[in-house]
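Good morning, and thank you for coming.

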Amino acid sequence: MDAAQQEATARARELQRSWYGEPLGALFRRLIDDLGLNQARLAAVLGLSAPMLSQLMSGQRAKIGNPAVVQRVQALQELAGQVADGSVSAGEATDRMEEIKKSQGGSVLTGTGQTSSTGSAPTVRRVVREIQSLLRSVAAAGDIIDAADTLAPSHPELAEFLRVYGAGRTADAVAHYEGNQS
């Protein structure tokens with residue numbers, strides 16, 4: 001790999017970090033490990049081709065273009081957490097992955113998305129990821145920051161929202177969300 005390719009890969013991974021909270025290679029490897037998958041099975045559940053998954057993992061490609069795939073990633077992250085805490089068995093996880101694979105996405109903000117298997121309200125993290133996904137599907141992080149800078153003098157709260165959810169880390173957005181609930 002030459003210097004230009006290395007620079008492009010590093011930039012793609014940094015964009016992934018800003019959009020998804022971490023490089024997709026790390027995120028996908030964790031899902032593979034936590035859910036006992038291989039790359040081909042993960043690609044199938046997400047609705048990606050195996051080459052596309054590989055390009056996202058290696059940083060050859062930065063962004064997941066399909067919002068439904070982003071939502072499937074989020075659903076798998078939630079499922080992996082449930083497997084880790086013991087609230088979902090390996091057998092149940094396999095069944096849930098089939099449901100996730102068939103899902104067309106949907107918004108937790110409008111109540112059409114999937115909630116946890118217990119039927120409880122969506123987690124704060126899931127709602128935050130939905131907001132982040134929506135913002136990041138319409139503009140790149142740099143453009144969102146530029147928009148926030150433009151709005152800051154007259155609308156500082158809106159500018160902060162754009163910075164936190166549009167270009168910040170998920171943990172910071174979760175803290176912001178929790179701090180602004182009444």
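Predicted model: local features only at pLDDT ≥ 70, side-chain atom pairs only at ≥ 80, totals over all residues.

At what angle do helix α8 and helix α9 pack? The angle is about 170 degrees, and the axes of the two helices lie 8 Å apart. Helix α8 covers residues 141–151, and helix α9 covers residues 156–167. An angle over 145 degrees counts as roughly antiparallel, and α8 and α9 are therefore roughly antiparallel to each other.

Which residues of α8 and α9 meet? On the α8 side they are Ala141, Ile144, Ile145, Ala147, Ala148, Asp149 and Leu151. On the α9 side they are Pro156, Leu158, Ala159, Leu162, Arg163, Gly166 and Ala167. Sorted by class, this contact of α8 with α9 comprises 11 nonpolar residues, 1 polar residue and 2 charged residues.

Let us turn to another pair. Helix α3, residues 39–46, packs with helix α4, residues 50–58. Here the angle is about 105 degrees, and the axes are 9 Å apart. Angles of 65 to 115 degrees count as roughly perpendicular, and α3 and α4 are therefore roughly perpendicular to each other. From α3, the residues Gln39, Leu42, Ala43 and Leu46 take part in the contact. From α4, the partners are Ala50, Leu53 and Met57. By class, there are 6 nonpolar residues and 1 polar residue in the contact of α3 with α4, and no charged residues.

Is Glu130 buried or exposed? The relative accessible area of Glu130 is 9%. Buried means under 20%, so Glu130 is buried. Which side chain does the side chain of Glu130 contact? The partner is the side chain of Gln71, in a polar contact of 3.1 Å.

Finally, let us consider the protein as a whole. How many helices and strands does the protein have? There are 10 helices and 0 strands. Of the 182 residues in the protein, 42% are buried. The accessible surface comes to about 9500 Å², and carbon and sulfur atoms account for 53% of that surface. Consider also the contacts between residues at least 6 apart in sequence: 61% of these join residues at least 24 apart.

To close, please return to the two helix pairs: α8 and α9 are roughly antiparallel, whereas α3 and α4 are roughly perpendicular. Thank you for your attention.

Note on methods
Residues numbered from 1 in each chain as written. Heavy atoms only, no water. Axes fitted to C-alpha atoms, helices over the stretch in contact; angles between N-to-C directions. Helix = DSSP H or I, 4+ residues; strand = E, 2+ residues; numbered from the N terminus. Parallel < 35°, antiparallel > 145°, perpendicular 65-115°, else oblique. Contact = heavy atoms within 4.5 Å. Nonpolar A, V, L, I, M, F, W, Y, C, P; charged D, E, K, R; others polar. Buried < 20%, exposed > 50% of the residue type's maximum accessible area, 1.4 Å probe, protein only. Areas by Shrake-Rupley, 256 points an atom, 1.4 Å probe, with all protein chains shown as cover. Polar contact = N/O pair within 3.5 Å; in protein donor to acceptor, adjacent residues only side chain to side chain.
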